[in-house]
Structures are given as C-alpha cells and as structure tokens.
Amino acid sequence: MRVEESIAIGELSRRTGVNIETIRYFERVGVLATPPRTSGGRRVYGTGHVRALGFVRRARELGFSPAEVRAILSLGGSAQASCSEVREIAAHHLERVRAKMEDLAQLESLLAATIDRCEGDGAASCAVIDLLDQPSSG
C-alpha cells in the first residue's frame, strides 16, 4: 500500500503556483477539499490536493466562477464527470464570455470615438473629461 505524501501549504503553493491565501479561499468556498490537520493545527495536503488545485486553477484561468468549478467537481471532477453535464456548464459560461466581449467591444468603440474627438492640446474643453463627467448609465 502506498502512503500519501504529506505536503505543507507553502509547498502546495510552490508546486501549483497558487498563492497561499488563494488556497485557503478555495477551501472556504468549497472548491478544494479541506485537508486534515496535524495535532498542532497545520494543514496537511496530499498529492490529490496538488492535482485538484491544478484543476481548479486552470478552471479559474478560463474564467469559470467558483460556483461553476464546484458544480464540475460535484459531478466527479476530472476523473468521473459526465462530459455532457460539464459541456452544459461550459456552454453557459461561453454565453457569458460572449456577452462580456460584446460589452467590451461597445466600450472600446465609445472610448476610441471619444479619444478621436479629444484635441489633447491643453484646451479647457476635453471630450474624455466630458465623458468621465457624465452620470453612469449603470
């Protein structure tokens, strides 16, 4: 029988490239299993945590929310999740990404047009200042 490796949080952070506070956050929000503790209260992680944290980190890099990551993990994570169920989560995520892209394209257009109207010559009137001075529409 193979004995699980005992890994301290600092070593887990180093191996995965995830900040210690982020590891603790992932535990708090339920996307990373809470590890057992030593009698002194120190967290003791295993190789399963290294793999899981890498999975979570990559999902977050792709913009999946903590709730979406939890949903994927609740389906069995990378080992057991049904592709069709994970695909559905990813499809909803893609819809949100596309909506954000549309919003950013509108923002880019507004900023570009405003900058084009700005003389930048030290005049008292400035299109960028005027835009920033308008009340928010949100």
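Let's start with a cysteine: Cys83 counts as exposed, because its relative accessibility is 64%. Keep in mind as you look around that this is a predicted model.

Now for the rings. There is one aromatic pair, made by Tyr25 and Phe26. Their ring centres are 6.0 Å apart, and with 50 degrees between the planes the pair is tilted. Is Phe26 buried or exposed? Phe26 counts as buried, at 6% relative accessibility, while Tyr25 is partly exposed.

| Residue | Relative accessible area | Class |
|---|---|---|
| Cys83 | 64% | exposed |
| Cys118 | 23% | partly exposed |
| Tyr25 | 32% | partly exposed |
| Phe26 | 6% | buried |

Let's step back to the whole chain. It has seven helices and zero strands. The radius of gyration is 23 Å, well over the 14 Å that the globule rule gives for 138 residues, so the chain is more spread out than a compact globule. Along its principal axes, the C-alpha trace spans about 75 × 40 × 20 Å.

How many of the residues lie inside? Of the 138 residues, 22% count as buried. The accessible surface of the chain comes to about 9800 Å², and carbon and sulfur atoms account for 54% of that. Finally, among contacts between residues at least 6 apart in sequence, 45% join residues at least 24 apart.

Key. Residues numbered from 1 in each chain as written. Predicted model: local features only at pLDDT ≥ 70, side-chain atom pairs only at ≥ 80, totals over all residues. Heavy atoms only, no water. Buried < 20%, exposed > 50% of the residue type's maximum accessible area, 1.4 Å probe, protein only. Phe/Tyr/Trp six-rings, centres within 6.5 Å; stacked < 30°, edge-to-face > 60°. Helix = DSSP H or I, 4+ residues; strand = E, 2+ residues; numbered from the N terminus. Rg over C-alpha atoms; globule rule 2.2 N^0.38 Å. Contact = heavy atoms within 4.5 Å. Areas by Shrake-Rupley, 256 points an atom, 1.4 Å probe, with all protein chains shown as cover.
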